[in-house]
Amino acid sequence: MNRRARLLPTAALLLLTACGGGDETRGIAGVGSATPASPSATPPAGRPEIELPSDLTYTFEWPRTGDKDKDAVLEDGEQSIRAVDLAIVNQDALDKAYLFYYEGEAAAQTQKFVQAYVNAKARTTGVFRYYAATVALNDSTDASLVYCEDQSHAYDMYLKPKRINRTAVTNNSYVLYNTQLRKNDKGVWVVEKLFSQRGSAKCRP
């Protein structure tokens, strides 16, 4: 799964080189422990609170559309990304926050992805930038979210001993994601499938 495949779709190999790895990883960031933590963006009502270490930050350059359904997809998409990193920080492949946002094939792939970080005793650190988002609603409960991820300032970090693997920026630092989502009975847009293409020309500067 490139971390998503930010990790999901593929076999979930650890990306232990945030910018130079294959489609199965993202960046493992991390300071030795989950603290100090700083609150992330306030999630929509009814969603789990997600607090991440202050060294792990995000920039979402996808403005709201004005369509309440499309904007709900974008909001839950943002929280689903944070939730996976929380599982990595917590070193818990069955962390409840990401399981709130992922189901089926995507949940199984995410579990493998997080477990790879747990096995490596590593996590992600740095800045992840998301941009060029496109939302399509197929019907009232079925949608797709396509977006780019910039990993050029994100890195993997081993926890024991603490060591950040700083990698050079390459075309592989830019990843295109295509997620398939379903609105569940709680009104949450959950990710069911996730596909990714590392080095996509669409995402490169």
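Helices (DSSP runs of H or I, at least four residues) and strands (DSSP runs of E, at least two residues) are numbered from the N terminus. The structure is a predicted model, in which local features need pLDDT of at least 70, side-chain atom pairs count only at pLDDT 80 or more, and totals for chains, interfaces and linings use all residues. Residues are numbered from 1 along each chain as its sequence is written, and side-chain values use heavy atoms, with hydrogens and water left out.

**A residue in strand β5**

Ser144 lies in strand β5, which covers residues 142-159. Ser144 counts as buried because its relative accessibility is 13%, where buried means under 20% relative accessible area, exposed means over 50%, and partly exposed is in between (1.4 Å probe, protein chains only). Leaving aside residues up to four places away in sequence, Ser144 touches Thr134, Val135, Ala136, Asn178, Thr179, Gln180 and Leu181, a contact being heavy atoms within 4.5 Å. Between the C-alpha atoms of Ser144 and Leu194, which are 50 residues apart along the chain, the separation is 9.7 Å.

Helix α1 (residues 68-90) packs against helix α3 (residues 104-120) at an angle of about 35°, and their axes are 8 Å apart. Axes here are lines fitted to C-alpha atoms, for helices over the stretch in contact, and angles run from 0 to 180 degrees between N-to-C directions. On the α1 side the contact is made by Val84, Ala87 and Ile88, and on the α3 side by Thr110, Phe113, Val114 and Tyr117. These residues divide into 6 nonpolar, 1 polar and no charged, with Ala, Val, Leu, Ile, Met, Phe, Trp, Tyr, Cys and Pro counted as nonpolar, Asp, Glu, Lys and Arg as charged, and the others, Gly among them, as polar.

A nonpolar core is a set of buried Ala, Val, Leu, Ile, Met, Phe, Trp, Tyr and Cys residues joined through side-chain atoms within 4.5 Å. The largest such core has 44 residues, of which Tyr58, Tyr102, Val114 and Tyr130 touch the most other members. Helix α1 gives the most to this core, with 9 residues. Apart from this core lies another, of 6 residues, among them Tyr131, Cys148, Tyr174 and Leu176.

**The disulfide**

A disulfide is a covalent bond between the sulfur atoms of two cysteines. Counting a pair of cysteine sulfur atoms within 2.5 Å as a disulfide, a search of the whole structure finds 1. This disulfide joins Cys148 to Cys203, with 2.1 Å from S to S. The pair links distant parts of the chain, since Cys148 is in strand β5 and Cys203 in the segment after β8, 55 residues apart. Both Cys148 and Cys203 are buried, and the link is left-handed, with -75° about the S-S bond.

**Backbone exceptions**

Most residues other than glycine have a negative phi, and most peptide bonds are trans.

| Residue | Phi | Place | Relative accessible area |

A cis peptide bond, with omega of about -5°, joins Lys160 and Pro161, and Pro161 is found in the loop between β5 and β6 (162-165).
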